[in-house]
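Visitor: I have a model open and want to learn how to read its features. Where do we start?

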Amino acid sequence: MKKTAKSNLAIKLVSLVSTFAIIQLLIYLDIINDYLQATLATICINIILAVSLNLITGFTGQFSLGHAGFMSIGAYTCALITLRNPTIPGFILGVLSGAVAAALVGAIVGLPTLRLRGDYLAIATLGMSEIIRIVFLNLDEITNGAAGLQDIPQFTNWMWLFIYTTGTVLIISNFIKSSHGRACISIREDEIAAEAMGISSTKYKVTAFTIGAFFAGIAGALYASTFNFIDPKIFGFSKSIDVLVIVVLGGLGSISGSIIAAVLLGIITTYLQAFANIQMILYSVLLIIIMIFRPQGLMGSKEISLSVFSKLGDSLKSKKGRV
Amino acid sequence: MEQLLQQAINGISLGSIYALIALGYTMVYGIIKLINFAHSDVYMLGAYFGYVCMTSFKLDFLPSLLISMILCTLTGVIVEKVAYKPLRNATRIAVLITAIGVSLFIEYVTMAIAGANVRSYPPQKGLFAQSVNLGNINITMQQIIIVSITIILMVLLQFIVKKTRIGKAMRAVSIDSDAAELMGINVNTTISFTFALGSALAGAAGIMVGIYYNSINPLMGMLPGLKAFVAAVFGGIGIIPGAMIGGYFIGIVEVLVSGYSNSMYRDGVVFAILILVLILKPAGLLGKNTREKV
Amino acid sequence: MPILSVKKLTKSFGGLMAVSNVNMEINKGELVGLIGPNGAGKTTVFNLLTGIYEPSSGTVTFDSNGVKKDIQGLKPHAISKIGLARTFQNIRLFKDLTVIDNVRIAMHQNVKYGLISSFLHLPSYSREEALLTEKSLELLKILKLGHKKDELAKNLPYGEQRHLEIARALATKPALLLLDEPAAGMNPAETSQLTELISWIRKEFDLTILLIEHDMSLVMKICERIYVLDYGTVIAEGTPEEIKNNKRVIEAYLGEDLNNAGD
């Protein structure tokens with residue numbers, strides 16, 4: 001048991017490091033050019049958004065349409081900090097403050113609204129996210145209103161994206177495999193039974209919501225620092241929808257699903273760019289077709305894990321043993 | 001005081017539009033528990049159909065209204081048959097994502113055909129260009145027409161839902177579709193009919209917004225659609241009179257906020273009211289709280 | 001010494017009195033039955049005791065290790081932590097989760113490691129998770145579910161789902177266990193196995209048990225005392241023998257012969 005755990009860890013580390021190195025090499029060789037680097041950044045940001053929303057919607061079962069709101073808090077916080085302090089420490093501080101600010105708002109908003117169920121919660125979170133957007137729109141002196149913030153110093157590169165993305169994925173999947181994570185999942189399964197078994201549904205809904213908001217804040221901060229420009233329009237209702245689409249396409253309750261869907265959609269939209277005028281039409285048709293033929297999403301609630309490989313290894317070993 | 005009355009009249013006109021759209025949301029939600037995101041785009045199509053009738057075919061308002069309503073009805077029914085019906089037994093979130101897909105599809109197909117730019121309705125002539133002055137209060141003929149048509153359509157809707165066989169079937173399916181099916185009601189036809197009714201009303205709202213605000217674009221449905229949905233939730237989703245009350249309430253609040261304070265906060269106030277209502281009375285103004293059976 | 005005393009417990013839904021003026025006392029270590037015709041309000045009483053419904057009036061006092069505490073109006077999770085656990089009549093397992101996860105979730109209230117440890121899987125996580133898994137497995141073995149630990153709860157046969165409900169309730173370490181129709185849908189052989197199981201876990205876990213049951217053979221065999229509920233009020237209370245011969249009870253159960261039961 002212990003041995004496989006250790007070898008799994010080794011496999012994970014090796015695959016992570018090699019992914020990082022290969023892409024870094026491709027960037028160095030300019031095979032991944034500036035244009036594709038933007039796609040890469042979008043994919044990473046979308047992975048962070050989708051995995052964190054999956055924690056709220058897929059694992060805890062709380063239907064949220066407000067992720068763009070948390071993202072915008074992270075983006076504005078980080079942009080304002082790095083504009084005043086354009087250094088690497090300033091950037092790190094900006095990302096963390098953005099995340100903490102988003103988490104705080106998440107907790108404050110979550111406490112009253114998470115009593116609502118299903119579609120009502122969805123609409124309340126949507127309303128909340130619109131309010132956040134309208135506040136940013138009206139705080140002219142700080143956020144420059146509808147014109148947005150320009151010339152945000154760019155610090156994100158592949159290394160930072162990689163660190164934040166893998167960090168998010170690891171922390172959230174670790175959380176889900178813990179007792180606290182199981183408490184969240186039990187609320188999705190049956191809230192009344194969970195309560196009767198001693199799980200405070202309010203506490204764990206708010207916990208999941210706050211963690212989700214924290215990472216959405218990180219995604220927003222990375223967005224601001226990658227694309228140098230933000231305005232309130234970017235974080236409208238359609239942004240929340242985009243994230244939800246990734247989560248549902250990948251499969252509610254599947255982290256690997258969210259990652260795969262984010263990568264696939266990133267690649268598809270990049271290629272569709274060639275057909276700019278019908279890009280969105282193709283995208284919407286694709287969406288409808290996938291939902292009609294695979295409503296549970298690409299992965300359902302399953303995960304791709306190393307156990308598949310280790311099972312393979314075991315069966316090989318046992319064959320060897322017989323020989 | 002006069003200003004307040006003037007604002008109220010403007011609010012009632014805007015509220016009529018919201019109420020008409022909200023009815024479609026609330027009926028569809030009542031019957032299949034779906035937030036039909038594509039509904040706001042049927043409203044947008046209504047505006048475009050009316051535009052084509054009035055500019056290309058030089059038709060008058062009334063025939064344009066009728067044609068636009070009929071075409072929207074067809075759109076609504078086709079959307080339901082093609083996109084939602086195959087998902088009748090899927091999870092609700094899957095249907096919701098499909099609805100988002102349909103919404104994007106309609107928006108961008110319209111954009112591909114008609115272009116992304118704003119178009120203006122032809123200037124109104126004759127009766128439509130006139131207005132009535134009561135003291136310092138100005139009521140345009142357009143406002144009178146919007147409100148009267150809305151009232152006529154609502155009375156008609158109430159009649160259909162309360163007095164006809166298909167209306168009874170609608171109410172039965174919304175309470176319990178399995179039981180309704182066992183009682184010999186054709187559930188699929190009833191659902192299609194509900195989409196048809198809602199889409200016709202949205203079509204009417206679309207063309208009336210066209211003559212009222214004079215400008216239309218392929219994404220014009222998004223925000224009014226969202227607010228109309230808020231109106232439906234405010235009144236109690238699934239409840240027809242609730243959608244009417246909600247629509248007028250949101251319309252009036254919006255006009256008052258933009259009249260008396262920063263108009264930028266208009267939408268914020270609408271959403272803040274929504275959240276308050278949801279927290280204080282989650283089932284909406286006219287809704288009953290239901291508890292889960294243990 | 002009563003572990004649970006219920007005074008004038010009343011619940012009305014709108015104008016309908018579902019439970020009115022119910023008084024009950026359950027002593028430590030007792031096994032008490034709560035019976036009554038369909039719709040008498042038995043499950044509503046359970047829902048009131050476990051905090052799923054808030055009583056309209058009345059008090060529920062729970063004695064946890066000598067400290068008396070009024071628990072009416074508390075949230076269900078708080079009541080569970082005080083030491084009151086339940087099963088559900090209409091089985092409410094976490095059906096898409098594995099059997100062992102169902103039990104581990106019920107043990108969550110004793111988990112001490114915090115969020116940071118769960119994010120980073122620190123040593124405290126590994127240590128406590130191992131312990132949690134071990135304890136859950138022990139409990140599953142007692143209820144003869146050990147070999148099914150990795151199955152999804154929804155794939156268990158009906159009888160085993162009922163067993164898992166009991167295992168899950170036991171995992172919260174209760175002092176008082178409320179069983180809502182544990183034998184519903186079981187055949188006579190299964191019911192008699194269950195009867196033995198209930199007696200056994202009561203001794204093994206030093207439990208007080210209150211159970212709702214329609215199967216009179218089970219009730220008459222293992223309950224020491226019985227409360228009879230009809231139209232939301234207690235119409236009789238006593239030993240199985242007394243209840244069998246109570247005129248009002250027989251009237252309430254018109255047509256059911258209590259004397260034939262229990263053989």
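Guide: With helix H1 of chain B, residues 2-32. Keep in mind that this is a predicted model.

Visitor: Is H1(B) mostly covered or mostly open?

Guide: Mostly covered. Of the 31 residues in H1(B), 23 are buried.

Visitor: What follows H1(B)?

Guide: B:Lys33, with a positive phi near 55°. As background, most residues other than glycine have a negative phi.

Visitor: Which other residues have a positive phi although they are not glycine?

Guide: C:Asn21 and C:Lys144 are among them. Phi is about 50° at C:Asn21 and about 60° at C:Lys144. C:Asn21 sits in strand E2 of chain C, residues 16-27. C:Lys144 lies in the loop between H5 and helix H6 (158-171) of chain C.

Visitor: Why do C:Asn21 and C:Lys144 count as partly exposed?

Guide: Count the C-beta neighbours. Partly exposed means between the two cut-offs: 12 or fewer is exposed, 20 or more is buried. C:Asn21 has 14 other C-beta atoms within 10 Å, so it is partly exposed. C:Lys144 has 13, so it is partly exposed too.

Visitor: How many residues separate C:Thr233 and C:Ala18 in sequence?

Guide: They are 215 residues apart in sequence. In space, their C-alpha atoms are 8.8 Å apart.

Visitor: Now helix pairs. At what angle do H3 and H4 of chain B pack?

Guide: Read the angle and the axis distance together. H3(B), residues 61-84, and H4(B), residues 92-114, pack at about 130°, with axes 11 Å apart. That angle makes H3(B) oblique to H4(B). Their crossing is right-handed.

Visitor: Which residues of H3(B) and H4(B) meet?

Guide: H3(B) brings B:Val79, B:Ala83 and B:Tyr84. H4(B) answers with B:Val95, B:Thr98 and B:Val102. The contact has five nonpolar residues, one polar and no charged. On spacing, an α-helix has 3.6 residues a turn, so residues three or four places apart point the same way.

Visitor: How many residues of H4(B) are buried?

Guide: 17 of its 23, so read H4(B) as mostly covered. H4(B) reaches 33 Å from first C-alpha to last, close to the 33 Å expected. Just after H4(B), B:Gly115 takes a positive phi of about 85°.

Visitor: Which way do H2 and H10 of chain A run, roughly parallel or roughly antiparallel?

Guide: H2(A), residues 34-59, and H10(A), residues 201-227, pack at about 170°, with axes 8 Å apart. They are therefore roughly antiparallel. Residues in the contact include A:Ile45, A:Leu49 and A:Ile56 of H2(A), and A:Phe209, A:Gly212 and A:Tyr223 of H10(A). By class, the contact has 16 nonpolar, three polar and no charged residues.

Visitor: At what angle do H3 and H5 of chain C cross?

Guide: At roughly 115°, with axes that come within 9 Å. H3(C) covers residues 99-106 and H5(C) residues 123-142. The two are therefore roughly perpendicular. H3(C) passes H5(C) in a right-handed crossing. C:Val99, C:Ile100, C:Val103 and C:Arg104 of H3(C) meet residues of H5(C), including C:Leu132 and C:Ser136.

Visitor: Last, the interface. How many residues of chain A are in contact with chain B?

Guide: 32 residues of chain A are in contact with 33 of chain B. Helices H4 (88-113), H5 (118-138), H11 (237-250) and H13 (279-293) of chain A each give two or more residues to that side. H5(A) gives the largest share, eleven residues. By class, the side of chain A has 25 nonpolar, five polar and two charged residues.

Conventions: Residues are numbered from 1 along each chain as its sequence is written. Chains are lettered from A and ligands numbered from 1 in the order in which they are written. This is a predicted model: local features need pLDDT of at least 70, side-chain atom pairs count only at pLDDT 80 or more; totals for chains, interfaces and linings use all residues. Axes are lines fitted to C-alpha atoms, for helices over the stretch in contact, and angles run from 0 to 180 degrees between N-to-C directions. Helices (H or I, at least four residues) and strands (E, at least two) are DSSP runs, numbered from the N terminus. Angles under 35 degrees count as roughly parallel, over 145 as roughly antiparallel, 65 to 115 as roughly perpendicular and the rest as oblique. A crossing is left-handed if the near helix is turned anticlockwise from the far one by less than a right angle, and right-handed if clockwise. Two residues are in contact if their C-beta atoms, placed from the backbone, lie within 7 Å. Ala, Val, Leu, Ile, Met, Phe, Trp, Tyr, Cys and Pro count as nonpolar, Asp, Glu, Lys and Arg as charged, and the others, Gly among them, as polar. The expected span of a helix is 1.5 Å times one less than its number of residues.
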